[in-house]
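Please read the following walk through the structure with the coordinates open beside the text.

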Amino acid sequence: MKLLEERIQQDGIIKGGNVLKVDSFLNHQMDIDLFVEMGKELKRLFADCPINKILTIEASGIGIACIVAQQFHVPVVFAKKAQSINIDGEVYSTKIQSFTHGKIYDVIVSKKYISSQDHILIIDDFLANGCALNGLIDLVQSAGATVEGIGIAIEKGFQKGGELIRAKGVRLESLAIVDSMDESTGTIEFRHRA
Ligand code: 5GP
C-alpha cells in the first residue's frame, strides 16, 4: 500500500535489533486518516470472506483493529496479556514471546467472546518472527473458530514470520512488506507484488 510505504519512508526510524520505530503515526501517536485508508484496503482484500469478528492483541494492535472493524461492521476482541496466576477455566490461553522485550507472556481471551461459530480476521501492527500471530491462531483454534485471514500493517519480510504463517496455509495480507532496512544509511526497501 503506497500511502503506508511513503509514510514509513518519511517517518520510520530504524533502530538496532531489527526494530522499526513508527511511533509518530502508528505505535504511539496514531494517524487515524491513514488507519482509515488501511481499513479500506483490508476490507477490499478480504471482501470475499465471511468475517464476523476481528481479533487482535493488546496494546498496539487495538487502534488499527478498531478502524478495520468499522469497515466490516463487526466487533473487535483483543487478547489480553495476563498474569499466569489468574488463568482459570473461563478463558482460552496461550503463550507469546514478545519480539521487542523478549519476555514470554500468557495471553488470554474469555470463552464468552470467541466461539466455534466465529469467522475471524486477525489484525496486528507488525509481523516479525510470527510469535504473536501463532499465539492468536492458537487461541482461535482452541475455540474451534475459523481463521479467515490475517491483516498486518507492516511485515518485516527479512524475518521468518511471514514465511511460517503462509506455510500454514493461512491467508496473510500485509499492507507494507519491508524487505530490508539499514540502520547506518536509514535505507528501507519494500517488496512489491508481481
Ligand atoms: P512477532 O511476534 O511476529 O515476532 O512480533 C510481532 C509483535 O512484536 C507485534 O505485535 C509488534 O508489537 C512487535 N514488533 C515486532 N517487530 C517490531 C518492530 O520492528 N517495530 C515495532 N514497533 N514493533 C515490533
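The charged end of lysine 81 sits over the ring of tyrosine 105, at 5.1 Å from the ring centre, where such a placement requires NZ of Lys or CZ of Arg within 6 Å of the ring centre and within 35 degrees of the ring normal. This is a predicted model, in which local features need pLDDT of at least 70 and side-chain atom pairs count only at pLDDT 80 or more, while totals for chains, interfaces and linings use all residues. Residues are numbered from 1 along each chain as its sequence is written, and side-chain values use heavy atoms, with hydrogens and water left out.

Strand β6 spans residues 104-110, strands being DSSP runs of E with at least two residues, numbered from the N terminus. Five of the seven residues of β6 are buried (under 20% relative accessible area, with a 1.4 Å probe and protein chains only), so the strand is largely enclosed by the rest of the structure. Strand β4 (residues 76-82) pairs with β6 in the antiparallel sense over three bridges, pairing being counted when DSSP finds at least two bridges between two strands, and lysine 80 stands opposite isoleucine 108 of β6. Strand β5 (residues 91-97) also runs antiparallel to β6, joined by seven bridges, with glutamine 97 opposite isoleucine 104. In the hairpin of β5 and β6, six residues lie between the strands, and glycine 102 takes a positive phi near 80 degrees.

Elsewhere, glutamate 173 lies in strand β9 (residues 172-182) and counts as buried because its relative accessibility is 13%. Leaving aside residues up to four places away in sequence, glutamate 173 touches Leu42, Leu45, Phe46, Ile150, Gly151, Ile152 and Arg193, a contact meaning heavy atoms within 4.5 Å.

How values were computed: Helices (H or I, at least four residues) and strands (E, at least two) are DSSP runs, numbered from the N terminus. Buried means under 20% relative accessible area, exposed over 50%, partly exposed in between (1.4 Å probe, protein chains only).
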